[in-house]
Amino acid sequence: MVGTVSAGTPRVVIADDDPDIRALISIAVRRAGLELLAEAEDGDRAHIALQEHHPDLAILDVSMPGMTGLELCRLIRADDAFAGMHIVLLSAAVDDQARAAGIEAGADEFFAKPFSPREFGAWLSQLTIRED
Amino acid sequence: MRRSIFSLIRRLSVDTPSPALKQLPTFVAFAIALLLAVLLPSVVITLPVAVFRGSVIMILATLLSLYFARLRRVTRWSLLVPGFSLLAIALLRNGTGGTTSLFSVLIILPVVWIAAEKGRRWVVVAIIGTSAAIMFPYFANWDLPANAGEWIRGVFTPFVYGVAAAIINELSRQARHQLASIQRLAREREVRLKETLSLAEQLQENQQRLHAADRFTRSVLDAVTEQSVIGTDLRGLIDVWNPGAAMMLGLPASETQGKRHIFEFHSGDELENRSRELNYPPGATVLNPGFSALVESARLGIAEVRDWTYVRSDGSSVSVAVAVTPRVDEEDVTVGYIFVATDVTQALEVARLKDEFVGLISHELRTPLSSILGYLELMRDDNEAPLSEEQLQYLSVAERNAHRLLRLVGDLLFTAQVASGKFPLDISQIALNDVVAGAVESARPAGSAAGVELILYVPEESIAVRGDALRLGQACDNLISNAIKFTPQGGTVTVSLESTDVDAIITVRDTGMGIPESELDQLYARFFRASTATRNAVPGVGLGLTITKAIVIAHGGQLDVESEEGVGTAFSLSLPLPRRP
């Protein structure tokens, strides 16, 4: 189970300190037909949720209380227990440096806020198809 | 004895220029002789008339000497005095027994005077004078010496006197010469003394000035407590350590001067990194390689302020900006270095806080906007409960304004980045034709909504520059949207691209309300709005041109404006073309 993508629906854990954004992401995830396992409101709780659920995809906000999305991303990439997990970073920072920092930390994709739920959902659906 | 004779001669002939004093001995001797002639019965006055005439002439001669004495300057005419004296003595002699007179010896006195006069010819004059005085009794009686003995007396005596006169002349010449030398030496000595004195004065003055300068330097060094001023020799050994350095690094001067090296107070890692950057191979120089790296700019004569980290004796560190300059001696040879360091901990902290604040604001503003825009989109896309046409229209208004707010936040963040000198540019080779055309295309909806015609002139051949396509597009967008905003319905906005040998020029020309000339130079100030803009209620906050200008400057380009109120405005944005190979 660990490190492998299940044959079924990709399972997702999301982390963002803003409840409205969290809700927006969860709607997009559900509309894309993915399975939402857990939501976390800060980096540390997100880490616990990830250890608990071992999802196929982690959607992480960069700026969070406690551990930031970037730190969590590095932690996941350094931990063999999470091998093969997909990571999407969301950030309100706009410049290319923020994107570069995200990719460098090991993220598969980087979305700048504000993001369009439609486009985000399309990307998630594509992920589903690819994983299938 | 000899000395007294010399001094007498000197006094009478050389030292004393007063003819009256020279005449005095002759006069006194004459007077005594006269007294003797009158008082002593053994002295017979044979010719009282001659004696009387002689006395009168002697008095006249003495009066004449007094006259010459009163003259300020020395004149040869004063020799008339001994001349007359000789005549007076000759008459006295003639009157007291003629050739047998006892007073022949008086002749010597005026003769000495004459003979001592400067010049050999006066010896001859003295001899002739003597001879004339001795032979006078014969001349007075229209007679000639009767026998050889008398001839000899008339010639031999003057000859002896002449020899004496010659000796006197020579002696006085020597005396005069010696005196002149002594006087010259004395004058020279005086001049030297004066020179020496003035030199000594100058020296003292210079010394005082030097002391003053030294005191000034010391007090400046002592007064500088916010900066550390450290002086070293060529190898980095510290010899100047001001109170600022003591305060910053926590050690008194007594513990560093002559004992510690400057590089001991630097972060070792930093010095090592810098040495590596400058390609100092380890151990290749006699100097500590870190020190070489430290003084690199000063050694090359480049004025440079570089950020370093000082390490205090207790191990704590302080961020400093250090200016290194060479110390030179009087021949301009470098003998050491001076390190002036300013504590920048606070400045760095302020800059960090500012960056943090900008980031925070940006994040805090963008997060709610993300929610607004996201949920608006969800509403629009809700297929289960589709919105009415009217509701969709309301929704687009909300979306448009949310986007406007988002742009504003982006602009604010960008201006803050420009102000703090952090300005990320993604440079690549780009075709300006596409950038300009893209900007015009995206402005078309706004143009038609405002009833302004948009005209585009782009050359067929591609004009390529090195730049950030996104930022340059933003600059064009700003200029074009400004032009549309400031142009009334029915006007035109013309966007053209052309190139010269060195520049690519984008011009955005409108037929709008124009900008008053007095406001043209404030145009690029943050939050500045032209009076025509506020008067005509054109929306905006005054960041567009600031950002545009910053983008253009960052590309090494230039932004110019021409405007006439009521006629229109033209902005031209020029960018340097890459040099042709």
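Two residues are in contact if their C-beta atoms, placed from the backbone, lie within 7 Å. The model shown in these views is predicted.

**View 1. Overall make-up of chain B.** In chain B, residues 24 or more positions apart account for 63% of the contacts with a separation of 6 or more. Chain B contains 17 helices and twelve strands. It has 581 residues, of which 29% count as buried.

**View 2. Overall make-up of chain A.** Chain A has 132 residues, and 40% of them count as buried. Its secondary structure consists of five helices and five strands. Along the sequence these elements follow the pattern β-α-β-α-β-α-β-α-β-α. Of the contacts in chain A with a separation of 6 or more, 62% are between residues 24 or more positions apart.

**View 3. The sheet of chain A.** The five strands of this open sheet are arranged in the order E2-E1-E3-E4-E5, with parallel pairing. Strand E2 (35-40) and strand E5 (109-112) of chain A each have a single partner strand, so they stand at the edges and one side of each has no neighbour in the sheet. From one strand to the next, the twist averages 20°. Strands of a sheet pair through backbone hydrogen bonds, and the pairing can be parallel or antiparallel.

View 4. Strand E1 (residues 11-15) of chain A runs parallel to E2(A), and five bridges join the two. Which residue in E2(A) stands opposite A:Val13? That residue is A:Ala38. Helix H2 (residues 43-53) of chain A lies across E1, E2 and strand E3 (57-61) of chain A. The helix runs at about 165° to E1(A).

**View 5. The side of chain A that touches chain B.** Between the two chains, 17 residues of chain A are in contact with 18 residues of chain B. On chain A, helix H1 (19-31), helix H4 (96-104) and helix H5 (117-131) each supply at least two residues of this side. H1(A) gives the most, with four residues. Sorted by class, the side of chain A that touches chain B has eight nonpolar, three polar and six charged residues.

**View 6. Helices H14 and H15 of chain B.** Helix H14 (residues 432-450) and helix H15 (residues 469-485) of chain B have axes that come within 9 Å and cross at roughly 30°. Angles under 35 degrees count as roughly parallel, and H14(B) and H15(B) are therefore roughly parallel to each other. The crossing of H14(B) past H15(B) is right-handed. Residues of H14(B) that make the contact include B:Val435, B:Gly438, B:Ala439, B:Ser442 and B:Ala446. On H15(B), the contact residues include B:Leu472, B:Gly473, B:Cys476, B:Asp477 and B:Ile480. The residues of this contact divide into twelve nonpolar, five polar and one charged.

View 7. B:Ile89 lies in helix H4 (residues 80-95) of chain B. Is this residue buried or exposed? A residue is buried if 20 or more other C-beta atoms lie within 10 Å of its own. B:Ile89 has 32 other C-beta atoms within 10 Å, so B:Ile89 is buried. Leaving aside neighbours within four places in sequence, B:Ile89 is in contact with B:Phe30, B:Phe103, B:Leu106, B:Ile107 and B:Ala133. B:Ala33 is 56 residues from B:Ile89 in sequence, while the two are 9.8 Å apart in space, C-alpha to C-alpha.

How values were computed:
Residues are numbered from 1 along each chain as its sequence is written. Chains are lettered from A and ligands numbered from 1 in the order in which they are written. This is a predicted model: local features need pLDDT of at least 70, side-chain atom pairs count only at pLDDT 80 or more; totals for chains, interfaces and linings use all residues. Axes are lines fitted to C-alpha atoms, for helices over the stretch in contact, and angles run from 0 to 180 degrees between N-to-C directions. Angles under 35 degrees count as roughly parallel, over 145 as roughly antiparallel, 65 to 115 as roughly perpendicular and the rest as oblique. A crossing is left-handed if the near helix is turned anticlockwise from the far one by less than a right angle, and right-handed if clockwise. Ala, Val, Leu, Ile, Met, Phe, Trp, Tyr, Cys and Pro count as nonpolar, Asp, Glu, Lys and Arg as charged, and the others, Gly among them, as polar. Two strands pair if DSSP finds at least two bridges between them. A residue is buried if 20 or more other C-beta atoms lie within 10 Å of its own, exposed if 12 or fewer, and partly exposed in between; C-beta atoms are placed from the backbone.
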